[in-house]
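Reader: Hi! Could you walk me through this one?
Author: Happy to, just ask as you go.

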Amino acid sequence: MQKVKLLATAAMGLESIVAMEVKQLGYEVEVDNGKVIFEAPISAIPRCNLWLRTADRVKIIVGEFEAKTFDELFEGTKALNWENYIAEDGQFPVSGKSVKSTLYSVPDCQAIVKKAIAERLKLKYGMVSKMPETGALFKVEISLLNDVATLTLDTSGAGLHKRGYRVGQGEAPLKETLAAALVLLTNWKPDEPFIDPFCGSGTIPIEAALIGQNIAPGFNREFVSEKWSWIRSKFWDEALLEAEDLANYDQPLDITGSDISHKMIQAASENAIEAGLSDLVTWKQMQVADLSIQKENGYLVSNPPYGERLNERDEVIQMYNDLGQVMRNYPSWSVYIITAFEAFEKQYGQQATKKRKLFNGFIQTNYYQYFGKKVKGE
Ligand SMILES: C[S@@+](CC[C@H](N)C(=O)[O-])C[C@H]1O[C@@H](n2cnc3c(N)ncnc32)[C@H](O)[C@@H]1O
């Protein structure tokens with residue numbers, strides 16, 4: 001097998017950023033129905049898992065075919081070359097979903113796919129009894145959409161947002177993948193000042209620091225496909241070496257995270273230490289009304305409270321007022337705020353230059369973007 005067809009899954013609204021990241025790794029992508037699909041050599045599996053900051057997972061598309069009956073699903077699945085991927089002793093649990101399709105009973109589809117793969121593997125490996133399923137993990141997914149069955153294998157294991165650095169977290173932590181996307185959606189350059197005044201457990205400043213020093217986000221974790229014998233360990237070694245080579249640990253950064261809560265600042269600094277960035281981000285306990293900035297041309301990127309509980313509304317309105325008032329003193333700064341609070345612009349006191357709809361988990365939010373007027377000579 002020379003090439004694999006890969007799918008980088010993404011939260012709704014982030015597909016174009018994931019596509020950009022995949023392209024930057026050197027692969028041609030196709031974005032279809034919000035799916036980022038690309039054909040690539042096997043070495044892309046370690047590289048994409050290590051480097052993609054905004055994707056949820058990297059999956060292999062084993063096959064796609066129309067299936068309106070259980071028979072078609074069984075035969076179509078059995079016809080795919082599973083033996084190229086799943087080892088003789090591999091465990092292959094099957095999960096599923098069905099949208100707008102004749103075959104809507106997901107448990108039945110899962111059972112049929114499981115049976116078809118087992119039959120194929122028994123035939124290819126010359127087994128008579130049950131597959132042992134004692135070895136490496138190969139998570140299969142059957143996904144039906146408009147009667148088309150797509151069969152995938154997950155190469156990531158834990159979702160890619162699990163970078164391995166989050167030891168402490170607050171009430172509403174942002175997913176690391178979304179935090180990275182918020183940073184990538186700005187024009188921030190690593191040598192420019194960066195502040196998150198509602199930093200909570202520090203996700204946005206930490207992701208900015210990783211981006212600033214070009215550190216691969218998956219450097220500190222494991223992936224399920226590391227145990228697959230057909231992905232030669234040299235591909236993993238090469239990907240890690242490449243990541244080590246490309247990391248720019250000498251890049252100076254000017255990143256600050258602040259929060260009203262001492263506890264959160266403590267958690268954020270522990271997370272930064274875990275991420276290997278202990279002295280790269282400055283953490284401060286401070287309320288947003290006290291924010292004072294000495295530099296020009298910076299970026300403020302933040303995920304403040306949304307005021308979803310009625311008793312928090314007045315407090316949140318005050319906070320947005322304070323933020324708007326403070327930032328009017330710094331017109332060279334660009335401000336990026338993700339919130340579900342509908343009247344954010346009114347409370348901030350200014351219309352955003354640009355807005356983008358994003359989902360924070362299941363919450364629909366807007367990403368309000370205010371472009372600063374850069375001061376020359378800084
Ligand atoms: C939605 S959380 C941020 C979560 C963060 N992005 C993370 O990933 O952990 C909002 C944060 O705003 C902080 N906060 C609330 N009121 C504040 C204020 N007036 N000034 C500064 N921070 C405040 C809270 O302590 C909380 O940590």
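Reader: Which residue of β12 stands opposite Tyr299?
Author: That's Ser334. Keep in mind that this is a predicted model.

Reader: Noted. How many bridges join β11 to β12, and do they run parallel or antiparallel?
Author: There are 4 bridges, and the two strands run parallel. β11 covers residues 299-302, and β12 covers residues 334-339.

Reader: What do β11 and β12 make with helix α9?
Author: Together they make a β-α-β unit, and it is right-handed. The helix, α9, spans residues 313-327.

Reader: What about the pairing of β12 with β14, parallel or antiparallel?
Author: Antiparallel, with 5 bridges joining β12 to β14 (residues 363-370).

Reader: Nice. Are the residues of β12 buried or exposed?
Author: Buried: 6 of its 6 residues are. Ser334, Tyr336 and Ile338 point one way, while Val335, Ile337 and Thr339 point the other way.

Reader: Let's zoom out. What is the strand order in the sheet?
Author: It goes β10-β9-β8-β11-β12-β14-β13, an open sheet of 7 strands with mixed pairing. Its neighbouring strands are turned by 20° against each other on average, ignoring direction.

Reader: And which are the edge strands?
Author: β10 (281-285) and β13 (354-360), each of which pairs on one side only.

Reader: Which strands does helix α5 lie across?
Author: α5, residues 176-184, lies across β8, β11, β12, β13 and β14. The helix runs at about 170° to β13.

Reader: Which strands does α8 lie across, then?
Author: Those are β9 (255-259) and β10. α8 is residues 262-274 and runs at about 165° to β10.

Reader: Changing topic to helix packing: at what angle do α3 and α4 pack?
Author: About 35°, with their axes 8 Å apart. α3 is residues 70-78 and α4 is residues 106-125. The crossing of α3 past α4 is right-handed.

Reader: Which residues make that contact?
Author: From α3 you have Phe70, Leu73, Phe74, Thr77 and Lys78. The α4 side includes Cys109, Ile112, Val113, Ala116 and Ile117, and also Asp108, Lys115, Glu119 and Arg120.

Reader: How many of them are nonpolar, polar and charged?
Author: The contact of α3 with α4 has 8 nonpolar, 1 polar and 5 charged residues.

Reader: Great, thanks!

Methods. Residues numbered from 1 in each chain as written. Predicted model: local features only at pLDDT ≥ 70, side-chain atom pairs only at ≥ 80, totals over all residues. Heavy atoms only, no water. Axes fitted to C-alpha atoms, helices over the stretch in contact; angles between N-to-C directions. Left-handed = near helix turned anticlockwise from the far one by under 90°. Contact = heavy atoms within 4.5 Å. Nonpolar A, V, L, I, M, F, W, Y, C, P; charged D, E, K, R; others polar. Buried < 20%, exposed > 50% of the residue type's maximum accessible area, 1.4 Å probe, protein only. Pairing = 2+ DSSP bridges. Right-handed = clockwise from strand over helix to strand, strands pointing away.
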